[in-house]
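Me: Could we go through this structure together? I would like to begin with the place where the chains meet.

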Amino acid sequence: MNDILKHCEGVLSQTGFSTHFAEIRSDDGKALEALAFEDATILGFVVVYETPAQLITSWKADHDRVAMKYRDALQAARKKAWNAYLVLVSRGSADFGESLALGQIEENLEAMRKITKAGVTGVAGARTALLPLLPFRAAPSLDPINMRLEIELRSTELDADVVAAFLSNAEEGVVMQMLEDRA
Amino acid sequence: MKIERILISGFRGFRDTVDVPIASGFTVIDGRNGVGKSTLFDAIEFALTGHISKYGETKASGESVEDYIWWKGEGPSPSQRFVEITFRDGPDAIVLKRTPIEDPAPELLSRVEAGMVNAGMAPPSPLLQLCAASIIRDENIASLSLDLSETQRYAKLRQAIGASDADDWAERGNRLTKIARKRSEEAKTEVAAANAAIADASRKIDDARASLAPETAIAEASATMAQLLQFGPTVPDQLISPGRDFVALREKNARDLTMILSGWEGYERDAEALEVCEAAIEKAQNEIEIAQAERALLPDPDEGEAAGPTADLVTQLHELRSLGARIGLVDQSCPLCSANHDATSFAAGLAKAANAIERMDKKASELAAEATKRRVAIVDADRKIAETRSSLASLVDRTDRQRQELEARRLLLGGVGLPLNASKAEVINARDAVAAELEAARHALGVLGTLSQNRQLENGIAQLEEARKRLSRAQDRAGRARRADAIASALYDAARRAGSETLDLRLERVLPLMAELYGRLRPHPVWQDIEYSIRGDLRRFLSLQVGDGLNPQFLFSSGQRRATGLAFLLSINLSLAWSRWRSILLDDPVQHVDDFRTVNLAEVLAQLVASGRQVVVAVEDAALAELLARRMPVLGAGEARRFTLALGSEGSSTLVRRSDPVPMLAKTLAA
């Protein structure tokens, strides 16, 4: 089993997709390993290549093989079939020309939606490749800041009463008097 | 909090009442240009803020958008004019309604704000800020993101995620620092003034000490002055004032004596001349009396003439005799006296008459000469009297002046204590004595005057002591002010660092979201990653770079820039730490964006909906709306809606189609 597919399976499973591996054989007997995934809105397949060049050369034929394999399911999916994805990833990194070619594959909106990514290794690579399908991972949860506490933490060298007076709602003239008294 | 319903009537292009229920998850609205898609977003902003911000402050021909808030189209007037937005906050629904004459009740707006904003974190005017960050309009996508300057971009992000009260604390610290600095400067000025006072007092002391006479000299001067004043033993201080009077008196005496001596010869002459003049006056008076007596004795010039013949009588007699002679005897009778005469007696009579007339003429001449002589004598006597009187008057004047001069000298002599008959030598002696006393008094007074220098010295010492105390107080105050300044600066610095460091921490957490959204929207086929970085110290910049340090602001096409801008604006919205409003409203976000990147946007929006956000999108193209509707996650009824807007027969915007997406088949791929 391809390790990248395993990583992709792990990532997709964690985010609520149902997944299964599939082996699609061609007429000449060659096997194509793929990962099928689906949730309430979308469905799709992940296919892995060693190099971008292989991906660029083979993606069309592999697309057709996958489509043929899942023809009945796609027809049954009806509107959901509009949200069918083919994720094409390569372990090797792409040069500039290959990046352009991968971009052109993605911009081909015929049939399934294509996602391409080169240089995919490990779980992080799998997550990057599947990014459009995954929930936001970087949305920060920013808690309120207790600025009084932050200022206290940054003024420990000062008299605590003075800092407390500064952080109080006292008039500035009163605070100033206290600063001079304590000075 | 989410939007539940938009109900409008007579607002912008909607004349009739239109009710648009908004799905809790995803709502897509399509329609051609001018059918009112943007108006639905305007209505939300207008209900929340009372304004439509996209037009800014633009005015034309004296009009602004305020003049076009309510229906201005052709045809019949709307039956009602209002905007009514229903917000849902859990079980609570809040309805904000605005009409041309009525705003929502303040408590309703407060409830909406409380539902949308985390209290304590929100910036000023949070609803305005929320609308700016949550309503993403086509015309602003680039201008409010990629086209901003780096500092404006930083400020926008900072406003979204910043610790809102950090600036307040920093400003408080800054004000305290300014007050402390001002007080420190005032204390410095006071120190300088105290030092100047010390220098001044020290100078006075030096001057007083330099002028101070020795005690022996003071004692001698006191004795001298007491002797001159004819005082008994007296305290030196009490000799100064009478000593000054003494000197003044002696100065006057000296001046008087000098004056007496300078006029001495004249006085002598006047004294001698006065006796002569007085004798001459007496003599003149006697002479006048004698002359007047003699004048009185002179006979009257007219007295003799009145008793004797006058020249006129003689002439008349002569003419009468001549007339008788010329007439001759008339009938043997004298024509003059009618006496009988013969020629001889007549001639004898004429001759006799002629002799008598001759004698009378002689007598008349003698009487006239006597009268003339008497008149001359009277004139001479009168002239002599007048001359003597004149001389007397002159003598009197002279003696009066001499008497005055002598009286003046008498007074001067009396003033200096000399008798009237003092000799010149006595006067000279007196003058010399006065001059000696004056010199001695002046010297003594000068020495005694140094006693006041002694007092000045004491005053100077007291002033110096006071100035030193003042300096001590001022130095203490300055020291306190400097230390207070240092503490205030430290507080200011702490507040600034607290603000900037917490902000930087937040930025570090937000930047990956920006990068992720860029990665999801993939504006460029090659540069699939973007690097956001914050730099600068005083002025902060938010820089965007792709590839090897390239700036997408100047590199990307219009559509790519718009996609990049969407990534930025969506990141801002998702980063609003203080917002509890879960709605994102996108007004035609895909103009100039190609199909591929529109699909990317649909995927991003789908993830937003899946994460619990409410997304409302308006687009022109129905097919695009269909694409978006298909891509959204729909798990239940009411989670997604799709509307089509169009213009009605009378030009008013209206809803012409509603087709709510339904949940898809859950499981289609068999294992």
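Reply: Two residues are in contact if their C-beta atoms, placed from the backbone, lie within 7 Å. This is a predicted model: local features need pLDDT of at least 70, side-chain atom pairs count only at pLDDT 80 or more, and totals for chains, interfaces and linings use all residues. Residues are numbered from 1 along each chain as its sequence is written, with chains lettered from A and ligands numbered from 1 in the order in which they are written.

Me: How many residues does the contact take from chain B and from chain A?
Reply: Chain B gives 60 residues and chain A gives 48 residues.

Me: Which helix of chain B supplies the largest share of its side?
Reply: Helix 12 of chain B does, with 21 residues. Helices here are DSSP runs (H or I, at least four residues), numbered from the N terminus.

Me: What is the make-up of the side of chain B that touches chain A?
Reply: That side has 37 nonpolar, nine polar and 14 charged residues. Ala, Val, Leu, Ile, Met, Phe, Trp, Tyr, Cys and Pro count as nonpolar, Asp, Glu, Lys and Arg as charged, and the others, Gly among them, as polar.

Me: Changing topic, which residues of helix 6 of chain B are buried?
Reply: They are B:Ala221, B:Ser222, B:Thr224, B:Met225 and B:Leu228. A residue is buried if 20 or more other C-beta atoms lie within 10 Å of its own, C-beta atoms being placed from the backbone.

Me: What do they pack against?
Reply: The buried residues of helix 6 pack against helix 7 (237-262) and helix 12 of chain B.

Me: At what angle do the axes of helix 6 and helix 12 of chain B cross?
Reply: The two axes cross at roughly 135° and come within 8 Å. That makes helix 6 of chain B oblique to helix 12 of chain B; angles under 35 degrees count as roughly parallel, over 145 as roughly antiparallel, 65 to 115 as roughly perpendicular and the rest as oblique. Axes are lines fitted to C-alpha atoms, for helices over the stretch in contact, and angles run from 0 to 180 degrees between N-to-C directions.

Me: What kinds of residue form that contact?
Reply: The contact of helix 6 with helix 12 of chain B divides into 12 nonpolar, two polar and one charged.

Me: How many residues of helix 15 of chain B are buried?
Reply: Of its 16 residues, 15 are buried, so helix 15 of chain B is largely enclosed by the rest of the structure.

Me: And what follows helix 15 of chain B?
Reply: Just after helix 15 of chain B, B:Gly612 takes a positive phi of about 100°.

Methods. Helix = DSSP H or I, 4+ residues; strand = E, 2+ residues; numbered from the N terminus. Buried ≥ 20, exposed ≤ 12 C-beta atoms within 10 Å, placed from the backbone.
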